[in-house]
Amino acid sequence: FLVEQEAFSYNSPYTDLPYFKRILVIPMSKSSKTTDPNLISRGVFASLVNLRQTILQQQSNIDISPIDSKVVFCIESVLTSMKALRCVENSKTLSDIIHNIWKTYITDFLSLREYVYILVSDQFQQIFNSIVKAYTSINFPSIFRDDTAYAHDLFFRIFDLLSLPAIMTLLKNQSNDQLMPHVANILRILLLQMQNIAEEILFKKDDLLNRESTVQPLLEYVDMNIFEASNDIQLTIVEVLGFIWTLVDNTILVPQLLDAKCASFTLKWISMNEVSFTIQLASIRLLYNIARHEKGCAALNEANAILLMQQLKKRTLNPNIDDPTYEDMRLLFSMAIALLTEPKESKSDAKSLGKVLDQLMQLTVNTAQKKNHKYGDFDISEPLVVLTKLFVHDDIMDYIVKDSQVKNMKTSSKIAFFCDLVLQFRGALANDDELDQLTLTALMNIIWSISFHEKYANELKSNAKFLFTIKSLANDDGEAWVEQYVPKHMSSVRKAAAGILWNIDENNPAKVVRPGELTPSVDNRTNNSTMAAVGNQRLRVMISYSHADADFCHQLANALEKENIFDIWVDFAYCHTEDLWEEIGQAIEKSDVVLFLMTKDYQDSKSCRQEVMYAKDSLKKRFIPVYVKRDFAATGWLGVRIVGPQYIRFGKKPFEATVKELVKLIIEDKSEKSSTKKNSKTPVVDSSVKAESNENEKSDPDLTKEEPENLHQSNQKITQVAVNNSKPIKIWNSNDIFDWFDTNKIRHELKEMYDFHSGTELLLYAQCLRQDWESEYLDIREQFSKRYGVVLYRNEFVRFVTAIKKLEPLQTKPASSTCTIV
């Protein structure tokens, strides 16, 4: 095939190969064709090296000259050797050979600017055509389907070709006029190839690290040539913008694209008056995708992006409001505005955003109805992620759920629509499609926001399939985000599922605590908390905070611990699982005061909203609003709930001085309440009972002078009233059963496992249990261990059995008698 083949190595840097005194192409018969890819590769690169050396021997820097016959002969040798590439059967091997041919072609030939007359000749261009033909013969989808790691590697090997001198010379507008169209054509081919590969791979957060210097010249090329009329330049600009959009569409790459000044150039193009529609649309596409990342959003807002977008709307969108050509631009504009703005929670804002919200909801419906859940360039996860941010605002959520104008929605309501989507994406945690995982996560966060409102909770509760799915997701440990970006305002699927169940399940403490009843018994719960027991002199302080403010929370917790007069509970000290609601709920119940560390992130967090509602709305706990930053003002749901109590604001004074003020505020009413806490062994009672007792103290001054023992008896009377029930057991409801479990100090996990909804169910179970309670214990102990990961001891089950047996004589008592459960 070739003389002196042994001098070549497949992995050799081709520009450093030795000069060959004699390269002889030997014509091959059909029967003599080799299929050895290494041999074929060596032949191709040997002929390319020989061609380059022959060109360098020619006269340079001439405008027009016939190509020397030696050069022609070498070109034919290259073309002959490249025909053998058809014999390479392995697609991945052929791909590697072609990639290295591209590298050699760009490095060793396009750098020969003195020999342009050869490079642009028809004979030489046959080599380029031959490379393209070989490239298009490769079955890339089959390669990437079997090896995504290879696809990722190939993408960045091609990406590195963009930094070669010949390409960079073009991007700086310094390319030879004759050669420029050819180099631009190669650049477009490489960019298009990378866009196709990008659809097959998942990017990692550091993929563009140290590659910003390659991205920025692409942006600069667009900026320098934005008004150029040349067809080649305009085609290249379109391909460059398409490639940049492909990068920025992978949100995880946004921080490094910001370093390449992507946001700055995008805003510059948006502010221009007379750019083409293509540039305007591409700029809006870029801006929207940048805004999908918090860092991108911050960078755009810092550069006054909203003002520039309003000017674009006035200049371009408003005059063309009825032109369907601008429909995509209007939608992208709306989504970008939704991500960039922080609308206040008011009716006027919801109404002013009406058209935007209608478009978002319509896009969600359109993508949901497509088999692949894509509509145009949008994946269904994109409008859903935007909605998760907007649903923080109750009025906006209300508008979308009740009033948004949507066509072709096949469900009876918007809530049913979201629930159906959850059922469709239920299996996302079991596969590795991270867009599906993001979609499910967004849906769960949307429904969690909806579930805070009782007017929608009933519809969620009545959807049996949805409810079953949510319960399974709350216990699903298959969730594993690897590298992909997740907006910080979104919680995990498990956490959102637990939050939804907390909000809509009437058996949850946050929903059923009523005046005069006991809170769930703390003594019988299994938990990791080391909070002080009832009666301890030290005040129990629970800190509620957003994880975005974790550093400040650590600092504050450490400062309060140093005072040595508090028992501080924070989740990072006592919670070690993803499902924190049970432990956090207990911490709130046992606390003397709850600190709300209030920031914008706190107000936007559904987890924090859950904690505030339980502490303030359900348990009527004493709380202190603590403003972490001096410029934040609580609005919306949080603003309504923190009205009244004295607050503390950090940032105006030194940290230590503000901590002292906070300590003073925490303990200021200790003297008033010490008589009710000192040496008390009273069961924990609902805070509504405590509040009622405090009102009595105000109206009867002698009550505050009562001795601890007498006060203990007084509190026992209050407790006795709370546990008496005048109703026959047969007509007990779930709330009465809740009281019965707590009064008899039965483990709350058993209440959850049996899930009795009526007194009749309880009595029927008692009859069954009477036959052989020990067998039942062995069975329930196994279920208990699997579900909760702890042991149910015999004495704990005996307590349950004993209480059940005491119920039986009471079932025939008249309703007028008092049923005292002891």
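Q: What is the relative accessibility of Lys-374, and how do I read that value?
A: Start with the scale: buried means under 20% relative accessible area, exposed means over 50%, and partly exposed is in between, with a 1.4 Å probe and protein chains only. Lys-374 has 36% relative accessibility, so it counts as partly exposed. Before we go on, please note that this is a predicted model, in which local features need pLDDT of at least 70 and side-chain atom pairs count only at pLDDT 80 or more, while totals for chains, interfaces and linings use all residues. Residues are numbered from 1 along each chain as its sequence is written, and side-chain values use heavy atoms, with hydrogens and water left out.

Q: How many residues does the chain have, and what share of them count as buried?
A: The chain has 822 residues, and 55% of them count as buried.

Q: Which residue forms a salt bridge with Lys-374?
A: The general idea is that side chains of opposite charge can pair when their charged atoms come close. The cut-off here is a side-chain nitrogen of Lys or Arg within 4 Å of a carboxyl oxygen of Asp or Glu. Lys-374 pairs with Asp-379, and their closest N and O atoms are 3.2 Å apart. Asp-379 counts as buried, at 8% relative accessibility. By the salt-bridge rule, the count comes to 17.

Q: How many residues are in the largest nonpolar core, and which have the most contacts inside it?
A: In soluble globular proteins, nonpolar side chains tend to be buried together. A nonpolar core is a set of buried Ala, Val, Leu, Ile, Met, Phe, Trp, Tyr and Cys residues joined through side-chain atoms within 4.5 Å. The largest one has 183 residues, with Phe-155 and Phe-418 making the most contacts inside it. Helix H9 (residues 180-198) gives the most to this core, namely eleven residues. Domain 1 (1-202) and domain 2 (386-508) both contribute residues, so the core lies between them; the domain bounds come from an automatic or database domain assignment. A second, separate core of 28 residues includes Leu-556, Ala-559, Ile-624 and Leu-665.

Q: Which residues is Phe-155 in contact with, leaving aside its neighbours within four places in sequence?
A: Contact means heavy atoms within 4.5 Å. The partners of Phe-155 include Met-194, Ile-197, Phe-203 and Phe-243.

Q: Where is Ser-546 placed, and which residues is it in contact with?
A: Ser-546 sits in the loop between strand E3 (539-544) and helix H28 (550-562). With a relative accessible area of 7%, Ser-546 is buried. Leaving aside neighbours within four places in sequence, Ser-546 touches Asp-601, Tyr-602 and Cys-608. Ser-546 and Tyr-602 are 56 residues apart along the chain, yet their C-alpha atoms are separated by 4.9 Å.

Q: What is the place of Trp-569?
A: Look at strand E4 (residues 566-569), where you will find Trp-569. This residue is buried, at 1% relative accessibility. Trp-569 and Arg-540 are 29 residues apart in sequence and 7.6 Å apart in space, C-alpha to C-alpha.

Technical notes. Helix = DSSP H or I, 4+ residues; strand = E, 2+ residues; numbered from the N terminus.
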